[in-house]
Amino acid sequence: MLSIVNESETKVFQQELLTVKIYPTLQQMGNEAAKEVADRICKLLEEKAEINMIFAAAPSQNEFLNHLIHDKRIDWTRINAFHMDEYIGIHPDAPQSFGHFLRIRIFDKVPFKKVNYLNGRAESLEKECKRYANLLTKYPVDIVCLGIGENGHIAFNDPDVADFNDPKLVKIVKLDPVCRQQQVNEKCFERLDLVPKEALTLTIPALLKAEWMFCIVPFKNKAHAVYRAIYGEISEKCPASILRRKEKSSLYLDAESAEQINL
């Protein structure tokens with residue numbers, strides 16, 4: 001059932017189990033998403049000694065992360081951090097590395113209890129997948145902060161490799177052309193041939209194990225993927241569509257990413 005509530009220019013509606021929130025500006029979206037994530041962190045830390053979070057690395061997350069690290073209520077020393085994907089073969093200090101992206105925007109900005117990095121240059125990538133999967137099992141995830149790709153992916157679960165019933169928690173994947181071109185469009189790489197063709201990624205079941213999911217998706221180039229995720233078939237053809245079956249999941253949009261939504 002679709003219900004619309006106007007909250008000081010914010011449009012809110014429900015699509016199956018997914019709560020969708022549309023904000024007039026990128027700044028409002030980032031600020032409100034950060035506030036709601038911080039609220040949830042604080043509530044969980046009232047119930048648990050520590051919590052575990054997974055973060056996405058992409059330009060779409062910048063506004064959100066910038067607001068989140070400045071929220072003085074959060075006791076970061078009781079939070080273990082993970083990230084959801086990493087290119088294979090890229091140096092951990094390269095600007096394009098997702099670990100590096102998050103390190104300079106949040107991991108080194110606040111005092112986490114522990115930050116767990118995926119190593120895309122591990123001698124054995126299969127062993128690296130198992131190592132990270134074991135950590136995710138040892139530290140069950142409470143919160144995932146994610147985005148949606150132009151092809152509808154979440155993490156690096158592109159349509160050709162996404163599996164809603166994946167038996168693995170972390171796996172090696174080949175990146176599809178749309179996903180790789182997006183990295184050029186967002187100026188992460190100068191040319192398509194410089195974008196790695198493979199990556200390590202947390203699988204969709206690994207992400208869905210989280211109790212709470214906060215999906216932050218601004219920008220015009222995401223508008224069609226957002227439309228498909230909200231209104232299209234729930235299938236691996238648009239991996240983000242699975243969010244509509246996930247309790248305690250929210251999608252945060254700005255005016256540009258919501259431009260194909262008619263309310």
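These legends go with close-up views of a predicted model. Local features need pLDDT of at least 70, side-chain atom pairs count only at pLDDT 80 or more, and totals for chains, interfaces and linings use all residues. Residues are numbered from 1 along each chain as its sequence is written, and side-chain values use heavy atoms, with hydrogens and water left out.

**View 1. Here's the largest pocket, with about 410 Å³ of space.** A pocket is an open set of points on a 1 Å grid over the protein atoms alone, where a 1.4 Å probe fits, with protein on both sides within 12 Å along at least five of seven lines. Its volume is the space filled by probe spheres set on the points. The lining (residues with an atom within 4 Å of a point) has 30 residues, with A57, A58, P59, F98 and Q183 nearest the centre.

**View 2. Now look at α5 and its neighbours.** Helices are DSSP runs of H or I, at least four residues, and strands are E runs of at least two. C179, R180, Q182, Q183 and V184 are buried in α5, meaning under 20% relative accessible area with a 1.4 Å probe, protein chains only. The buried residues of α5 pack against β6 and α3. Just after α5, K187 takes a positive phi of about 65 degrees.

**View 3. Strands β2 and β3 make a hairpin.** Five bridges join these antiparallel strands; DSSP must find at least two for strands to pair. F13 has V20 as its bridge partner in β3. Two residues sit between the strands, and E16 in the turn has a positive phi of about 55 degrees.

Key: Buried < 20%, exposed > 50% of the residue type's maximum accessible area, 1.4 Å probe, protein only. Contact = heavy atoms within 4.5 Å.
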